[in-house]
Amino acid sequence: MKALDKVEKQNDLDGATWPSAPYPSTVEAIKENIVHHLMSFQGRDPERSGASDVYKALAYTMRDLMVQKWISTQKTFYAKEKKRVYYLSLEFLIGRSLGNSITNLGVMEDVKQAVEEIGFNMDEIRDQEEDAALGNGGLGRLAACFMDSIATLKIPAYGYGIRYEYGLFFQQLIDGYQVEGPDNWLQNGSPWEFERTMPLFKIKFFGHVSSYQDENGHYRAKWINTKDVMAKASDIMVPGYKNDHVINMRLWSAFSSRELDLTDFSRGDYIGAVESKVSSETISKVLYPPDHNYAGQELRLKQQYFFVAATFQDIMRRYKKKHTTFEKFTDRVAVQLNDTHPSIAIPELMRLLLDIEGLSWEVAWKITVDTFAYTNHTLMPEALERWTVEMVGRVLPRHLQIIFEINQRFLDEVAERYPGNERRLRELSIIEEGPVQMVRMAHLAIIGSHSVNGVAELHSQLLKDRIFPDFHEFYPGKFNSKTNGITPRRWLLDVNQELAQLITEKIGDGWITDLDQLRGLEPFVDNDQFCEIWRGIKLYKKEKLAGYIKNRCGVVVDPTTMFDIQVKRIHEYKRQLLNALHLIHLYHRIIRGEADGVAPRTAIFAGKAAPSYWRAKLIIKLITSIGDVVNNDPRVKNRLKVVFLPNYNVSQAEIIMPAADLSEQISTAGTEASGTGNMKFSLNGALTIGTLDGANIEIREEVGEENIFIFGMTADEAEFERKNISKTPWQVCKMNEGIAEVIESIGDGSFSNGDKEIFKPLVDSLMDRHDPYLLLLDLESYLTCQNEVSDAFLDQSLWTKKAILNVARMGKFSTDRTIKQYSEEIWGIPVE
């Protein structure tokens, strides 16, 4: 118990008394703290320190300020015995922390002045920080935005994930092809972390299950002969906006349960001992190992269980400090599963309650269901995780037993409700029968949670109508919608300080924590002076991006042209290929002399394709090849440029978003769950061209259909077309000569130095009558809509008014609104 008390004081700071540290809230105090950290933490001579030294010293200074507030926040949680939220996510796409921390602590101007007075530029200091790329895309970035809003709304909560040693891969473009390299973001350490030596938790894998009867004659199970890995915590502080409330993300690292296996070592098998240690620590090495082979799938399952098991030991440790029974567990604990990745947490909590705590099945199951809530993030069937029964049984044998028991009891309920309905039993079962039995993790998450939410209104409706209709009927009221959002602190106040300042001058700063107040901008759409300043800020941001493009790609772009931007993960359903088809069509018009009166355009792409997703990687190659041709054709001049920025990440997005004129959100209707890039662009004054998919629908409702460019089929029309094929790609080409020429030019080597084979797979997929993404069937509508975009951009006065109204009407899309809904409607925690 003494050791546990020591852990608590070290890591939760419950009831501890702490001397007040120097409070670096003035310019002089900040400078003194920077010098102090240069010397005492880094052993550097302040007079000889470089930008990276100053960055670290400044980060430590901000961390000092945050940890004082975090101590106070933790004490409040304990003193008031508040219900706490545990947000479980396999991804947290944090990006850089310095700017966001300074902004939320409210010391940006003092820090800028302090940095300048010691001889450095703030932008240079910020550029020293490595992106914490602990996520793949929107899901991980949403989790990071959620942490910001949770802290700002003063909700008692923690984020839990994995401290990946290597984040999402570093992307290079070599001869136009994506080449992956390691992203060692921790190479020089991270000043934002507190590495905890305690608590350490033992995580079990493999082994087998023995059963016995306890003293009351009840069945009990014991998981034995396991291979164990230790979990060690690192905490990263997350400050709320100017409210003295700081929470933390706790990220787990894996290491060997013993430094070396002494059994192997004593046999003289030093290599075997080292291999065992390395194998244990592989679990937290890399984000998303490729899962196209068995070893990769097993590692992903182990990652998911590793962080879930460590988290629940932490939850139990914290709960048991004040409680000896589990009667109040659901009054003190709410767990949100961010997609299916953490859903193994459901049988893990059952295991703890049954095997360790000795509760009955009925009591344990009620606690479990009342504890968990599940967010679904996808409409793509392949993204709904499924593991083979054989693999789950081998890696987590006790959990497979529990899953089978959960499934049997659930199917008994189904059979009672729908007697003789074998189809429903098959459709609803957690276990998918077939040549290889599979565990359907989404089914487990739905059955084991009291709430299942989608992330946009269309997405939530499609979950109920198309993906899980039988579950929706079986559990009326369980499915609900929580439209995603973004934090305005990072995505406007910090990344677009000039625009944020203009807004604040006109309507005050209340919008920073109440985004609906942006409506106060609407009267300024007819103010010529305001509109002129607005355009000047946009041009300034475009000039910064143009400089970045020249530096990274060697391509000179004109910032007065329309910046037409599509940045996101490269995937067929996101339809970067559709964008490329338009650019070829526009290029053909330009060289034929048919583009007079068309707005000059700079098309900017960025995004990573999964390493094993060869078709997505071929789309990158096509886009870069189009750029090679277009950018070097003297007939084009500055009327069109095509750029693909390598290694897209959060800090790159922070440069791109404020500079965009046009935001490309062109996924096939019914495939994108929500999207949050669309919100970031709109909040920074870009207009959207998009389909009626994901949150685009709600953006249109908010900004007005006259202030967004919508094209293409609806989700229902797209589904009808897939099933009935009223028009084929060949018929589209036959009826539209311009589109036929686009397809022909891809196939005849016009963009590949005469090589007719390289892009043949893309041509074949475009012309396939069963193309699930319906590119050619939406292309005519897209081309027409792009002409409307061009006409609108040429009228800069009208375009500016539309841009202002987009910003003014983005209030709904703050994560503050999203989190308030989660907190009050799912977690049962009122927001003050």
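Q: Where is K154 found?
A: K154 sits in the loop between helix 7 and strand 4 (157–162). This is a predicted model, and in it K154 has a positive phi, near 60°, although the residue is not glycine.

Q: Is K154 buried, partly exposed or exposed?
A: K154 counts as partly exposed, because its relative accessibility is 38%.

Q: And what is phi for K242?
A: Phi of K242 is near 50°, again positive in a residue other than glycine. K242 belongs to the loop between strand 10 (227–239) and strand 11 (246–256).

Q: Buried or exposed, that one?
A: K242 is exposed, as its relative accessible area is 53%; the cut-off for exposed is over 50%.

Q: Which residues does the cis peptide bond join?
A: M198 and P199, with omega at about 0°. P199 is part of strand 7 (residues 193–205).

Q: Back to helix 7. At what angle do the axes of helix 7 and helix 34 cross?
A: Roughly 75°, and the axes come within 9 Å. Helix 7 spans residues 138–152 and helix 34 spans residues 815–827. The two helices are therefore roughly perpendicular to each other, since that label covers 65 to 115 degrees.

Q: Which residues make the contact?
A: From helix 7, C145, F146, S149 and I150. Helix 34 brings T815, D816, T818, I819, Y822 and W827.

Q: How many of those are nonpolar, polar and charged?
A: The contact of helix 7 with helix 34 has 6 nonpolar residues, 3 polar and 1 charged.

Q: What about helix 12 and helix 15, at what angle do they pack?
A: About 100°, with the axes 9 Å apart. Helix 12 covers residues 345–356 and helix 15 covers residues 397–417. So helix 12 and helix 15 are also roughly perpendicular to each other.

Q: Which residues of helix 12 and helix 15 meet?
A: On helix 12, I346, P347, E348, M350, R351, L354 and D355. They meet R398, H399, I402, I403 and I406 in helix 15. By type, the contact of helix 12 with helix 15 divides into 7 nonpolar, 1 polar and 4 charged residues.

Q: I also picked I826. Which helix does I826 lie in, and is I826 buried or exposed?
A: I826 lies in helix 34. I826 counts as buried because its relative accessibility is 8%, and the limit for buried is under 20%.

Q: What does I826 touch?
A: Leaving out residues up to four places away in sequence, I826 touches Q336, A373, H450, S451, N453, N480, K482 and Q821.

Q: And how far apart are I826 and T375?
A: In sequence, I826 and T375 are 451 residues apart; in space the C-alpha to C-alpha distance is 11 Å.

Q: Zooming out, what share of contacts in the chain is between residues at least 24 apart?
A: Of the contacts between residues at least 6 apart in sequence, 76% join residues at least 24 apart.

Q: What does the secondary structure come to?
A: There are 34 helices and 24 strands in the chain.

Q: How does the radius of gyration look against a compact globule?
A: The chain has 28 Å, and a compact globule with 832 residues would be near 28 Å, so the two agree. Along the principal axes, the C-alpha atoms fill a box of roughly 90 × 75 × 60 Å.

Q: What about burial and surface in the chain?
A: Buried residues are 62% of the 832 residues. The chain exposes about 32,300 Å², and carbon and sulfur atoms supply 49% of that area.

Terms used: Residues numbered from 1 in each chain as written. Predicted model: local features only at pLDDT ≥ 70, side-chain atom pairs only at ≥ 80, totals over all residues. Heavy atoms only, no water. Axes fitted to C-alpha atoms, helices over the stretch in contact; angles between N-to-C directions. Helix = DSSP H or I, 4+ residues; strand = E, 2+ residues; numbered from the N terminus. Parallel < 35°, antiparallel > 145°, perpendicular 65-115°, else oblique. Contact = heavy atoms within 4.5 Å. Nonpolar A, V, L, I, M, F, W, Y, C, P; charged D, E, K, R; others polar. Rg over C-alpha atoms; globule rule 2.2 N^0.38 Å. Buried < 20%, exposed > 50% of the residue type's maximum accessible area, 1.4 Å probe, protein only. Areas by Shrake-Rupley, 256 points an atom, 1.4 Å probe, with all protein chains shown as cover.
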